[in-house]
Amino acid sequence: MKWPSFLKSGDDATRPRIGLALGSGAARGWAHIGVIDTLLDAGVDIHCVAGTSMGALVGGVYAGGGLEALRELALKMNWRDFLYYFVEPRIPRQGLIDGHHIERWLRERVPCRDIGEMAIPFAAVSTDLRTGSPHVFREGPLIEAIRASISLPGMFSPVACGDRLLVDGGLVNPVPVDVAHAMGADRVIAVEINSAPRWNERTGDDTPAWTQSPAAPPGNTFEKFRTAIDDLFSHRSSAAPSWLEQGEGPNLFEVLGLSIQIMEARICDARFRDHPPDLLIRPEMPGIQLLDFVKADRAIEAGRRAAGEILPRVRAW
């Protein structure tokens, strides 16, 4: 949908500087693409972007000029792409994923890779594992900043940066409203994608991608992954857990994902009391969970719908 460009007239000096605070949420973070698309279609001038985890990935790629390529990747993502980018078939000591494939994609697709040279100011939030405090990237290499911000403990290996060991920023600041204000935003639109976390019985299209038939992914990448996991848990024992198969109740990935959603939703509630956004967008995405990266079309559309609902309020600014 194309919206009227209602922010294109008037005195530039009187317009508030609008910042985006894009939150964490793994695959649900594809919704950020829909939010940005809708705001840009409406002529909203985005002054700055602060992102955490998946919000840092989408926001950083947008600020660096690669949003179109990211949208294309998201919409065409299938099982093979998911395993290639998000499940490297090896078991590093500090995490399941080293992130080399994502880093390579960023180097090849994002034109601007230095945060200080971006036309749109950008910041990425990560967590210092040694101190428990947030670390905000406002300058330096974009890829390092994104890689640190998305480093979900246990999934991605941490990123060493000087004397810091950095992991996912969602542990301390899932939706960085305060960071966007500190970057000079007069009004902050926050996008929170971990609200109302819950587990429902899996039916039809809501079956998470990782619980589908093991025969679904083409090629032998999936089998390599399963062999690596079997080695990790049981050293090739016949009793290795079949935790990628559908069964009663939530599986391991669902427990992990929903636990993270609950934690980050509660942290957001507490932080919003001290740093409330001027507008809060919470896209409705039932059936899209932590690793449902192959459901980007649904998440992006949810972001578009939710952003469209707040446009009249942006007009009032």
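The residues that line the second largest cavity divide into ten nonpolar, no polar and no charged, in a model that is predicted. This second largest cavity has a volume of about 80 Å³, and of the ten residues that line it, the closest to its centre are Leu57, Leu70, Leu73, Ile102 and Trp105. Helix 3 (67-76), helix 4 (79-86) and helix 5 (100-109) each supply at least two residues of this lining, and the largest share, three residues, comes from helix 5.

A search of the whole structure finds five cavities of 30 Å³ or more, and in the largest cavity lies about 270 Å³ of space. Of the 23 residues lining the largest cavity, Ala26, Ser53, Leu152, Leu290 and Phe293 are the closest to its centre. Two or more residues of that lining are given by each of helix 2 (54-63), strand 6 (154-156) and helix 9 (252-274), with helix 9 giving the most, four residues. By class, the lining of the largest cavity has 14 nonpolar, six polar and three charged residues.

From the cavities we can turn to a pair of helices. Helix 1 (residues 31-41) and helix 10 (residues 296-315) pack with their axes 6 Å apart, at an angle of about 40 degrees, and they are therefore oblique to each other; their crossing is right-handed. On the side of helix 1, the residues that meet helix 10 include Ile33, Val35 and Leu39, while those of helix 10 that take part include Ile300, Arg304 and Leu311. The residues of this contact of helix 1 with helix 10 divide into nine nonpolar, four polar and two charged.

Note on methods. Residues numbered from 1 in each chain as written. Predicted model: local features only at pLDDT ≥ 70, side-chain atom pairs only at ≥ 80, totals over all residues. Heavy atoms only, no water. Axes fitted to C-alpha atoms, helices over the stretch in contact; angles between N-to-C directions. Parallel < 35°, antiparallel > 145°, perpendicular 65-115°, else oblique. Left-handed = near helix turned anticlockwise from the far one by under 90°. Contact = heavy atoms within 4.5 Å. Nonpolar A, V, L, I, M, F, W, Y, C, P; charged D, E, K, R; others polar. 1 Å grid on protein atoms, 1.4 Å probe; cavity = no way out; pocket = protein on both sides within 12 Å on 5 of 7 lines; lining within 4 Å. Points joined across faces, edges and corners; volume = space filled by probe spheres on them.
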